[in-house]
Amino acid sequence: MRKPFTLALTFLLVGATTFAQRAITLEDIWQDYTFYPNYVYGLDFRSDGQSFTRLEKNKVNQYDLRTGDLVRTVVDATALTELSDLDGYELTNNESRIVLHNNETSIYRHSFEANFYVYERESGAVTKVMHGGNKTRLAAVSPTGDQVAFVFGNNLHLQDLNTNNVTQITMDGKVNEIINGATDWVYEEEFGKDNGLFWSPDGQQIAFYRFDETAVKEFTMTNYNDEMYPEYVTFKYPKVGEDNSLVSIHIYDLASGETTKVAETSDEWEYFPRIKWTNEPGELCVFFMNRFQNKLELRLLNTRGDSRTVLQESSDYYIDIHDNLTFLQDSDQFIWTSEEDGWNHVYLYNTDGSLAKQLTSGEWEVTEFYGLDETNATIFYQAAKRNPWQREVYAQSIKKADQARLLAGETGVNSAEFSQTYDYFVLTHSSANQPTSYTVVDRGGKRIRVIEDNARLHTLQANFNTTPVEFFQFKTSEKVDLNGYMIKPPNFNPNSAYPVLMYVYGGPGSQTVKDSWGGQNYWWFQMLAQQGFIVVSVDNRGTGARGAEFKKMTYQQLGRYETIDQIEAAKYLARQRYVDARRI
């Protein structure tokens with residue numbers, strides 16, 4: 001008597017499985033966000049090395065990184081009458097004060113103006129960073145905690161937090177002419193920095209940029225904003241070969257009230273893409289770069305007029321600017337990353353300009369430099385040692401000649417966010433076929449806890465009958481080895497001929513061929529595969545993680561090699577028996 005019931009149950013299970021494997025739709029992807037993952041972001045690590053803060057519903061909450069437990073609410077903006085709808089915060093170095101801001105108004109991609117406040121944690125006092133009732137920019141509390149610098153009206157100001165007295169440091173700021181304490185459009189967009197004011201470590205000086213945009217031609221952009229009439233925005237925008245801003249670097253001394261110009265651009269050196277204080281009192285490091293961006297010098301300057309070059313680099317192509325310069329506290333040395341030997345690696349230099357040692361080497365790339373734990377003489381970095389489409393996380397001594405220690409090397413892409421003491425890090429891992437997970441790991445590589453594994457997406461992959469992303473390599477007619485990935489239709493038949501969609505980016509240093517989760521595009525490609533397409537992406541010459549020569553050969557001929565390689569990829573695909581060569 002049990003056989004009919006068992007048979008019926010089998011039919012029900014088969015039917016349920018078939019029903020669950022439904023087709024992906026555009027509405028699933030882009031309208032209903034059925035496949036949207038859970039992200040872990042906004043972790044701001046604290047100085048104890050074991051906790052982090054994050055902004056949640058107008059509160060800055062502090063959590064134990066190891067357990068995820070709430071430690072305390074650092075500030076509750078809903079209880080402060082001066083604040084509402086908190087947009088962001090930043091704790092000072094000693095964490096005794098918090099700079100809060102709200103009512104942001106965007107300027108360009110990164111820059112904004114807002115209402116800024118300084119919250120004193122012990123007393124609960126709130127001080128508005130003020131210039132009348134106006135919004136300001138880039139409010140930064142001094143290391144001593146008693147002053148806040150900010151930009152208003154393209155001028156640099158200083159507010160005493162004890163008396164609320166405001167001192168205007170520069171007087172010549174004017175929209176579309178002179179900028180003090182912030183950067184122009186070029187520096188923000190091309191060098192990735194909108195901040196132009198920097199406190200010295202002892203809080204006695206402020207280094208700042210001054211941009212003279214007077215000779216830069218204007219460009220007017222139309223913003224439609226879904227309104228009946230558009231908004232016209234006019235700003236200084238240098239096109240190819242046109243005049244750039246004239247830039248100078250200044251140091252303001254709080255004790256004397258004097259401002260000293262320590263560097264200015266010239267025909268030879270047209271950019272100062274970065275400035276950074278060293279650990280020596282009053283000593284500032286300025287990056288000097290030419291307009292072609294193929295020559296770079298790091299110079300140490302001060303208000304006495306002293307100047308010393310500690311590093312020089314040149315390239316047949318161009319030099320990438322980064323923020324990996326790290327001055328050691330207990331020696332006259334600094335960490336630097338460079339493509340000097342043809343691959344991006346980590347170097348240790350002496351401040352007399354001599355090379356102490358190359359810390360990493362080989363025909364592979366350091367793809368992210370996470371920092372230096374000077375107490376334990378250890379650097380932490382991400383690298384593409386196995387192949388260009390994967391990433392691992394490593395720790396390595398700067399004193400001993402031992403090999404790097406692998407902290408995270410699961411197949412796919414591993415990246416890390418380290419606590420301030422480097423005792424713990426949040427490991428972000430994914431692969432082309434595995435959604436992103438977030439795990440707390442200690443400095444020895446031991447997994448402490450999983451924050452998020454996006455297990456729901458694993459279930460959806462099975463329910464929606466996804467097919468695996470497959471990596472492949474081929475050689476072009478010019479004997480160039482290229483990497484790609486491919487997604488085939490479900491129930492793929494190698495004896496059938498399928499149409500192909502080639503997904504292309506291929507800009508300098510980029511990669512579409514990475515063994516990492518593709519987000520919404522993953523599901524779009526899977527939808528196309530379900531409709532009978534093969535989806536392919538190939539990294540052409542000019543893309544990253546394969547050395548400087550491969551990446552930079554497109555210099556001054558952008559589009560040539562990229563196009564050749566994508567055509568070669570299409571020809572390679574056309575030769576495969578399962579590809580319809582007429583439909584690529």
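Q: Which residue in S35 does Val-441 stand opposite?
A: The model is a predicted one. In it, strand S34 (residues 434-442) and S35 run antiparallel and are joined by 4 bridges. The residue of S35 opposite Val-441 is Arg-447.

Q: Which strands are the edge strands of the open sheet?
A: The sheet has 4 strands in the order S32-S33-S34-S35, with antiparallel pairing. An edge strand here pairs on one side only, and this holds for strand S35 (447-452) and for S32.

Q: Which residue in S33 is the bridge partner of Phe-418?
A: Strand S32 (residues 413-418) pairs with strand S33 (residues 424-431) in the antiparallel sense, over 6 bridges. The two form a hairpin with 5 residues between them, and Tyr-422 in the turn has a positive phi of about 65°. In S33, the partner of Phe-418 is Phe-425.

Q: Is Tyr-36 buried, partly exposed or exposed?
A: Tyr-36 lies in the loop between helix H2 (26-31) and strand S1 (44-45). Together with Tyr-33, Tyr-39 and Tyr-41, Tyr-36 forms a nonpolar surface patch with about 480 Å² of accessible area. Buried means under 20% relative accessible area and exposed means over 50%. Because its relative accessibility is 40%, Tyr-36 counts as partly exposed.

Key:
Residues numbered from 1 in each chain as written. Predicted model: local features only at pLDDT ≥ 70, side-chain atom pairs only at ≥ 80, totals over all residues. Heavy atoms only, no water. Patch = residues over 30% accessible without salt bridge, like charges linked within 9 Å, V, L, I, M, F, W, Y side chains within 5 Å. Areas by Shrake-Rupley, 256 points an atom, 1.4 Å probe, with all protein chains shown as cover. Salt bridge = Lys/Arg side-chain N within 4 Å of Asp/Glu carboxyl O. Buried < 20%, exposed > 50% of the residue type's maximum accessible area, 1.4 Å probe, protein only. Pairing = 2+ DSSP bridges.
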